[in-house]
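This report describes pockets, cavities, aromatic pairs and selected residues of one protein model.

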Amino acid sequence: MMSPEMIQRVLISSGWEENRISQEIIVPCLNQYSLRYGFKLVDIKFTGGTSELGNDIEYYENFGPDMLRFYTGIQVKKGNLGQSETTALVIQGAQAFDKTITDTSNGQSYRINRWIVVTTGEISPQAKEYIIQQLKRYAKPIH
């Protein structure tokens, strides 16, 4: 079995772009996790590309007796994230929180409840703090 550090090195040196990492690594891992835990994550889909609006991947979870939908958006980045990348990430985060997600099964509209930034590298503490500070107006978790 590969350690997270070994996987990180392979992904950084692979030459794969973010969309391929999303589609061939992260989405299958989320599907496997969901299968293992009783289909906990629902409607996992790749939404990246030119019209992603801040999310490369989206899914939802059902909570409580009323089966409340809790949507998560994931933004995938390759390499280390520092101060120079934060402006673009803040814009993508704002787009993700403002984006409407329509459920085709019932026609209802939802917005994400949580936004996750996934990277093959490291996120500097300053970059992380800046992103969280700039997006705190949405009062939603950012991981």
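## Largest pocket

The lining of the largest pocket comprises 14 nonpolar, four polar and two charged residues; here Ala, Val, Leu, Ile, Met, Phe, Trp, Tyr, Cys and Pro count as nonpolar, Asp, Glu, Lys and Arg as charged, and the others, Gly among them, as polar. The space in this pocket amounts to about 470 Å³. Of its 20 lining residues, I7, L11, V118, T119 and T120 are the closest to the centre. At least two lining residues come from each of helix 1 (4-14), helix 2 (18-36), strand 3 (68-77) and strand 6 (114-119), and helix 2 gives the most, with five. Helices (H or I, at least four residues) and strands (E, at least two) are DSSP runs, numbered from the N terminus.

On a 1 Å grid over the protein atoms alone, a pocket is an open set of points with protein on both sides within 12 Å along at least five of seven lines, whereas a cavity is a set where a 1.4 Å probe fits but cannot get out; lining residues have an atom within 4 Å of a point. Grid points are joined across faces, edges and corners, and a volume is the space filled by probe spheres set on the points.

## Basis of the model

The model is predicted: local features need pLDDT of at least 70, side-chain atom pairs count only at pLDDT 80 or more, and totals for chains, interfaces and linings use all residues. Residues are numbered from 1 along each chain as its sequence is written, and side-chain values use heavy atoms, with hydrogens and water left out.

## Residue I7

I7, one of the residues closest to the pocket centre, belongs to helix 1. I7 is partly exposed, because its relative accessibility is 38% (buried means under 20% relative accessible area, exposed over 50%, partly exposed in between; 1.4 Å probe, protein chains only). Between I7 and Y33 there are 17 Å in space, C-alpha to C-alpha, and 26 residues in sequence.

## Largest cavity

The whole structure holds one cavity of 30 Å³ or more, and the volume of the largest cavity is about 30 Å³. Its lining consists of V42, D43, K45, E58, Y59, Y60, Y71 and I101, which divide into five nonpolar, no polar and three charged residues.

## Aromatic pairs

Six aromatic pairs are found in the whole structure. Rings of Phe, Tyr and Trp (its six-membered ring) pair if their centres lie within 6.5 Å; planes under 30 degrees apart count as stacked, over 60 as edge-to-face and the rest as tilted. F63 and F70 make an edge-to-face pair, with 5.7 Å centre to centre and 85° between the planes. Both are partly exposed, F63 at 36% and F70 at 22%.

F97 and Y138 are stacked, because their ring centres are 4.9 Å apart and their planes lie at 25°. F97 is in helix 3 (residues 83-98) and Y138 in the segment after helix 4 (125-135), so this pair ties together parts 41 residues apart in sequence. F97 is buried at 2%, and Y138 is buried at 18%. Y60, Y71 and Y110 form one aromatic cluster; Y60 and Y71 also line the largest cavity.

## Residue N55

N55 is located in the loop between strand 1 and strand 2 and is buried, with 0% relative accessibility. The side chains of N55 and W115 are joined by a polar contact of 3.5 Å. Such a contact is a pair of N or O atoms within 3.5 Å; within protein, one must be able to donate a hydrogen and the other to accept it, and residues adjacent in sequence count only if both atoms are side-chain atoms.

Apart from neighbours within four places in sequence, N55 is in contact (heavy atoms within 4.5 Å) with T47, G48, G73, I74, Q75, A96, K99, I112 and W115.
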